[in-house]
Amino acid sequence: MTDRSPADVDTLSDTARDHLWMHFTRLSAYQSAPVPVITRGDGCYVWDSTGRRYLDGLSALFVVQTGHGRQELADAAAKQASELAYFPIWSYAHPKAIELAARLADLAPGDLNRVFFTTGGSEAVESAWKLARSYFKRVGKPLKTKVISRAVAYHGSSMGALSITGIPPFKQDFEPLVPSTMRVPNTNYYRRPDESMTPEQFGIWAADRIAEQIEFEGPDTVAAVYLEPVQNAGGCFPPPPGYFQRVREICDRYDVLLVSDEVICAFGRLGEWFGADRYGYQPDIITVAKGLTSGYVPLGAMIASERLAEPFLTGTNWFAHGITYGGHPVGSAVALANLDIMEREGLNQHVRENSPVFRSYLEKLLDLPIVGDVRGDGYFFGIEMVKDKSTKETFNADESERLLRGFLSQALFEAGLYCRADDRGDPVIQLAPPLTATETQFAEIEQILRAVLTEAHNRL
């Protein structure tokens with residue numbers, strides 16, 4: 001591909017600044033600086049409009065599981081569009097949605113046999129809450145409407161999903177939100193309340209806070225608990241041993257639905273089809289999106305247990321909910337092709353085998369004074385930065401602003417690494433490369449991070 005001329009590059013950037021309202025972006029940042037414009041991708045790398053290459057250390061947005069530039073996925077989209085580009089699944093069906101629903105039901109754990117398609121993660125999270133409320137009304141428990149989620153957890157940006165999200169700064173501009181949501185502690189072992197706790201003890205303590213919250217709210221009012229297998233926001237908090245097993249016991253005790261929000265964690269990110277499989281627990285609902293199609297076409301889903309579908313199988317009962325593009329024929333065809341690639345190339349096994357290698361490269365960075373913790377699982381890791389390793393002292397708001405937005409985000413990108421420097425919680429760098437990544441990419445990530453984090457510490 002021929003690189004664009006400087007004039008073309010400037011035009012793209014200027015047009016983006018003037019007309020493209022970028023998501024979760026401070027638009028003021030580009031009033032006097034060019035907007036980065038990514039034009040193509042191949043494997044684990046992307047190129048900008050100047051022709052410069054970057055290692056995609058975040059799978060674009062925890063999405064591109066099978067890597068960029070897969071012609072097979074483009075061909076699947078084109079073939080389906082030429083046959084049936086669109087038809088709704090409102091009282092009708094089409095072959096690709098049927099085939100994909102059956103395949104997901106086969107892959108999902110236990111009796112999660114019912115697949116409700118959406119176009120993204122927020123819609124899947126919203127759909128699960130609506131199903132929980134609707135289900136409990138039909139089984140004679142109409143007061144069960146509330147949702148429990150974890151502190152700092154992100155579950156989406158639409159109004160219902162944002163209400164479940166546990167990041168106050170994301171919510172303030174849009175309040176009042178949907179009522180009846182509350183937060184419990186997350187599983188950040190690095191910031192555990194008692195340093196003497198073992199991982200197992202901490203896991204039981206964190207899970208028991210869910211039971212405590214259910215009791216406080218009233219068991220007859222709580223419908224669901226939303227948990228990610230590895231919590232994204234805050235920097236990749238994996239579950240301590242026994243945590244999800246205790247949560248499952250608590251949900252069964254109080255007749256509360258366990259929703260496994262796997263918009264990020266499903267489809268190989270943790271080395272299994274689903275994070276619930278990775279950690280050995282049985283959800284009532286799984287929400288997915290992102291890696292289902294490797295991002296080549298938008299598609300999401302809520303996968304529900306047979307028990308939750310039963311009240312809607314008789315008489316005039318129906319789930320009064322639908323999305324125009326849910327189960328889109330092209331999206332469904334691409335998802336099937338994407339799953340074919342994952343199976344054929346053994347990407348789940350590849351992640352399981354290489355995750356320890358990835359971790360070992362990141363843990364080399366623990367010799368830097370600014371690196372306090374490395375945590376995560378699969379191809380999904382976070383690096384927490386601290387002011388003082390011995391005390392775990394973190395940065396205040398102004399320091400975090402200067403560190404992350406004033407230096408790290410731009411410095412990492414200029415060094416050739418696209419990843420996320422984030423302060424939803426304590427300052428972290430998040431890494432989630434395509435599942436095709438190998439030791440070559442791990443070494444490159446470590447080298448770039450080492451140079452940039454060393455400079456960051458020198459600037460403190």
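**Notes on a sheet and its helix neighbours**

1. Let's start with the sheet: four strands make an open sheet in the order β1-β2-β3-β13, with mixed pairing. Its edge strands, β1 (38-42) and β13 (417-418), each pair on one side only. Two strands pair if DSSP finds at least two bridges between them. Strands are DSSP runs of E, at least two residues, and helices are runs of H or I, at least four, numbered from the N terminus.

2. A word on the source: this is a predicted model, where local features need pLDDT of at least 70, side-chain atom pairs count only at pLDDT 80 or more, and totals for chains, interfaces and linings use all residues. Residues are numbered from 1 along each chain as its sequence is written, and side-chain values use heavy atoms, with hydrogens and water left out.

3. Inside the sheet, β2 (residues 45-48) and β3 (residues 53-56) run antiparallel and are joined by three bridges. Look for V46 opposite Y54 in β3.

4. Next, α15 lies across β2, β3 and β13, running at about 105° to β3. Axes are lines fitted to C-alpha atoms, for helices over the stretch in contact, with angles from 0 to 180 degrees between N-to-C directions.

5. Helix α15 (residues 439-459) also has a helix partner, α13 (residues 347-363): their axes come within 9 Å and cross at roughly 20°. The two are therefore roughly parallel to each other (angles under 35 degrees count as such).

6. As for side chains, N354, V357, F358, Y361 and L362 in α13 meet E439, F442, A443, I445, E446 and L449 in α15 (contact means heavy atoms within 4.5 Å).

Definitions and conventions: Angles under 35 degrees count as roughly parallel, over 145 as roughly antiparallel, 65 to 115 as roughly perpendicular and the rest as oblique.
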